[in-house]
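Open the model in your viewer and keep the selection panel handy. We will go from stop to stop, picking a few residues each time and looking at what surrounds them.

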Amino acid sequence: MTDLPPEPFFSGPGLDRADALRANPAAIAALAAAPGALQLQWKDCLPELTEDGRLMWSAPTNPELFLGLEGDSARFSAIEPVTADARLVLPLITGLDGDDAPVFAAALSLGRWHSRHRFCANCGHLTEIVRGGWSRRCPACAAEHYPRVDPVVIMLAEHDGRLLLGRQPHYPAGRYSALAGFVEVGETIEAAVARELYEEAGIRVHDVRFVASQPWPFPSSLMFGCHALADGDELRIDTAELEDACWFTRDEVAAALAGAPEAAFQPPPKVAIARTLLERWLARLM
Ligand SMILES: [Zn+2]
């Protein structure tokens, strides 16, 4: 039996989010004062990492955000300035431990949301932190605001045994990856996959299937990894979105993932769900 490809990076159990405690400020304050409580350390607008890629923690000094429980002890973060540009952050976290990645993702997205959403979207008043940092409430109009999650579809279109991959102008040289785009209001995931593939590559698809998901904290996306079958292979590339797109055979995808020097393209990095999708396709899991 062959090993299954790994789960997407940033997925995994993370902390016990202990939602029942969030409505109880006294319980959260008691947890912050209890032995074993820890607060995330930040450096240069990112959670700080040890040399072996683990998150760094210290005794709580400003436990504004209740991240959750590790066993019986609580984990917190202060609200810090946040860098959430993937192009800047990804090179700095290449060693991030997979078990700590879900906590890193939650802290980054939550911190970014607090730093950018301080005022009520309804009336403009300064809002206050409630529910351990998982909500903000407006004292003027009583509106509640929740951390935003932006749904994104990312998909492999297949035709006659080949996969459609594309490259954006800012990608490193040679890299091709799965096409992606934001889900719009009033749209299903399946419809978004079909629309994005038609807009960006001019292909019609059927049999859209969900494969796996991934939180992508740059700053607050939730990636829905999908697979679809294309009606044809003739491309009409939207050059405002993509520098290039083309079809790759199973052998070409295998060579790229294996890092072969003569590979037809450079694959997406291991932290990207696009990589997971390619690995699962190659293992015939979709
Ligand atoms: Zn308000």
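In which sense do strand β1 and strand β6 pair, and over how many bridges? Select residues 38-40 for β1 and 73-77 for β6: the pairing is parallel, over 2 bridges. Here strands (E, at least two residues) and helices (H or I, at least four) are DSSP runs numbered from the N terminus, and two strands pair if DSSP finds at least two bridges between them. Zoom in on L38, whose bridge partner in β6 is R75.

Before moving on, a word on the model: it is predicted, so local features need pLDDT of at least 70 and side-chain atom pairs count only at pLDDT 80 or more, while totals for chains, interfaces and linings use all residues. Residues are numbered from 1 along each chain as its sequence is written, and side-chain values use heavy atoms, with hydrogens and water left out.

**The four-strand sheet**

Now show the whole open sheet: its 4 strands run in the order β4-β1-β6-β5, with mixed pairing. β4 (57-58) and β5 stand at the edges with a single partner strand each, so one side of each has no neighbour in the sheet.

**The three-strand sheet**

Next, select β7, β8 and β9, an open antiparallel sheet of 3 strands in that order. β7 and β9 are the edge strands, each pairing on one side only. β7 and β8 are joined over 3 bridges, and I129 stands opposite R136 in β8. α4 packs on this sheet, touching β7, β8 and β9, with its direction about 20 degrees from that of β8.

**The zinc ion**

Which residues hold the zinc ion? Select C120, C123, C138 and C141: their SG atoms are its protein donors, 2.3 to 2.4 Å away. Donors are N, O and S atoms within 2.8 Å of the metal (3.2 Å for Na, K and Ca), and sites may look incomplete because water is not among the atoms. Along the chain the spacing is C-x2-C-x14-C-x2-C. C123 sits in the loop between α4 and β7 (128-130), and C138, 15 residues apart from it, in the loop between β8 (135-137) and β9 (144-145). The 4 donor atoms subtend angles of 101 to 118 degrees, which makes the arrangement tetrahedral (all angles between 85 and 135 degrees).

Is C138 buried or exposed? C138 is buried, at 0% relative accessible area, whereas C123 is partly exposed, at 41%. Buried means under 20%, exposed over 50% and partly exposed in between, with a 1.4 Å probe and protein chains only.

Finally, pick F10, in the segment before α1 (19-22). F10 is buried, at 2% relative accessible area. Beyond four places in sequence, its contacts include F104, W216, F218 and V271. F10 is also among the residues with the most contacts inside the largest nonpolar core, which has 49 residues. A nonpolar core is a set of buried Ala, Val, Leu, Ile, Met, Phe, Trp, Tyr and Cys residues joined through side-chain atoms within 4.5 Å. The largest share of this core, 8 residues, comes from α4.

Technical notes
Tetrahedral: all angles 85-135°; square planar, octahedral: opposite > 155°, others 65-115°. Contact = heavy atoms within 4.5 Å. Axes fitted to C-alpha atoms, helices over the stretch in contact; angles between N-to-C directions.
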